[in-house]
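Take a look at the model below.

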Amino acid sequence: MTSFSALFRQMFVQKRRYAHLVLLVQTFAVIFIFLMDLITSNNFAKGYLVFGQGSHPRFWDVILALGIMTTAIGDVVFLGLLCWQNEKINLSQTWQLIPVLSIKLWWINIFTSLVECAYIFVIQVVLGIIVFVIDCLSYGYNIVKIFNQTSGFNSWPDYAGFFELIFWLIGLVLIIFCFVSFANFLTRTITDQLLGKNSTVIKIFVMAILVIVGVTIAFRINDQITTMYINHMMKNRAYSGDTFPMITIEYFVGSLILGIVNSYLVQKFVEPKIR
């Protein structure tokens with residue numbers, strides 16, 4: 001059987017080009033908006049400026065602000081591309097010909113996408129830090145002092161909050177990947193049972209219904225669990241208004257449940273049809 005490392009490396013390289021594409025488009029977007037800002041003087045990045053809020057911003061002020069502004073959009077686009085690539089691999093006959101269990105292939109597929117998210121995130125953070133340092137030096141600021149003031153990392157609870165946010169992001173991305181695969185696999189399973197009606201329109205219609213029902217159920221479950229959590233914490237006089245830990249746990253538990261269901265659907269229904 002094909003090893004985990006070989007499959008991981010092959011999938012990672014295939015998906016990495018999308019990360020580079022998003023970074024390249026983001027770079028061009030920053031340059032384009034910066035030039036438009038110079039021409040029109042609309043100051044598009046005003047709300048994202050770290051320095052120069054009360055005066056005319058400098059070159060690196062605007063570049064840093066535009067980088068922050070376009071990063072969120074680029075990450076959403078990249079997440080969508082990864083979801084599309086995941087499902088393309090899941091239903092690919094070429095990938096299914098590899099001598100490996102389809103369940104293992106699916107889990108490696110999800111794991112490589114998570115690593116790709118970390119890959120583009122690290123690159124964006126490093127580039128942001130470099131521009132931030134250059135911007136500080138252009139003002140003659142003490143970099144360490146400015147970093148401590150702007151980051152808010154002054155004690156362990158501040159770092160704990162940062163790691164809490166990281167785990168929340170990982171859980172969010174993971175459950176999105178798992179839910180998209182669930183909707184795709186279940187749609188494939190249902191439409192395969194509809195003899196003579198396995199068309200693209202039927203697939204889109206079935207998937208739309210599954211997504212609406214799934215999201216509605218997820219929101220209702222989240223509301224119930226959050227209410228129970230808040231009531232429990234208030235009863236013990238320990239509620240601080242922070243529901244991030246509970247939401248993060250929900251994401252990971254939901255991902256695990258969807259992962260088990262997806263594994264069953266892949267083994268019993270999807271794999272036999274593809275192979």
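C117 is buried in this predicted model. Its relative accessible area is 18%. The cut-off for buried is under 20%, so C117 falls on the buried side. C178 is buried too, with a relative accessible area of 0%.

The structure holds 0 disulfides. C117 is in no disulfide, and the nearest cysteine sulfur belongs to C83, 8.5 Å away.

**Helix pairs**

Two packed helices are described by the angle between their axes and the distance between the axes. Helix α1 covers residues 4–40, and helix α2 covers residues 59–90. Helix α4 runs over residues 102–139. The table sets out two pairs that involve α1.

| Pair | Angle | Axis distance | Contact residues by class |
|---|---|---|---|
| α1 and α2 | about 150 degrees | 8 Å apart | 18 nonpolar, 8 polar, 2 charged |
| α1 and α4 | roughly 40 degrees | within 8 Å | 15 nonpolar, 6 polar, 4 charged |

How do α1 and α2 run relative to each other, parallel or antiparallel? Their angle is about 150 degrees. Angles over 145 degrees count as roughly antiparallel, so α1 is roughly antiparallel to α2. The crossing of these two helices, α1 and α2, is right-handed. Helix α1 also passes α4 in a right-handed crossing.

**A glycine in α2**

G74 lies in helix α2. Is G74 buried or exposed? With a relative accessible area of 8%, G74 is buried; the cut-off of under 20% explains why. Now compare sequence and space. G74 and L23 are 51 residues apart in sequence. In space, their C-alpha atoms are 7.6 Å apart.

**Helix α7**

Helix α7 spans residues 200–235.

Definitions and conventions. Residues are numbered from 1 along each chain as its sequence is written. This is a predicted model: local features need pLDDT of at least 70, side-chain atom pairs count only at pLDDT 80 or more; totals for chains, interfaces and linings use all residues. Side-chain values use heavy atoms; hydrogens and water are left out. Axes are lines fitted to C-alpha atoms, for helices over the stretch in contact, and angles run from 0 to 180 degrees between N-to-C directions. Angles under 35 degrees count as roughly parallel, over 145 as roughly antiparallel, 65 to 115 as roughly perpendicular and the rest as oblique. A crossing is left-handed if the near helix is turned anticlockwise from the far one by less than a right angle, and right-handed if clockwise. Ala, Val, Leu, Ile, Met, Phe, Trp, Tyr, Cys and Pro count as nonpolar, Asp, Glu, Lys and Arg as charged, and the others, Gly among them, as polar. The expected span of a helix is 1.5 Å times one less than its number of residues. A disulfide is a pair of cysteine sulfur atoms within 2.5 Å. Buried means under 20% relative accessible area, exposed over 50%, partly exposed in between (1.4 Å probe, protein chains only).
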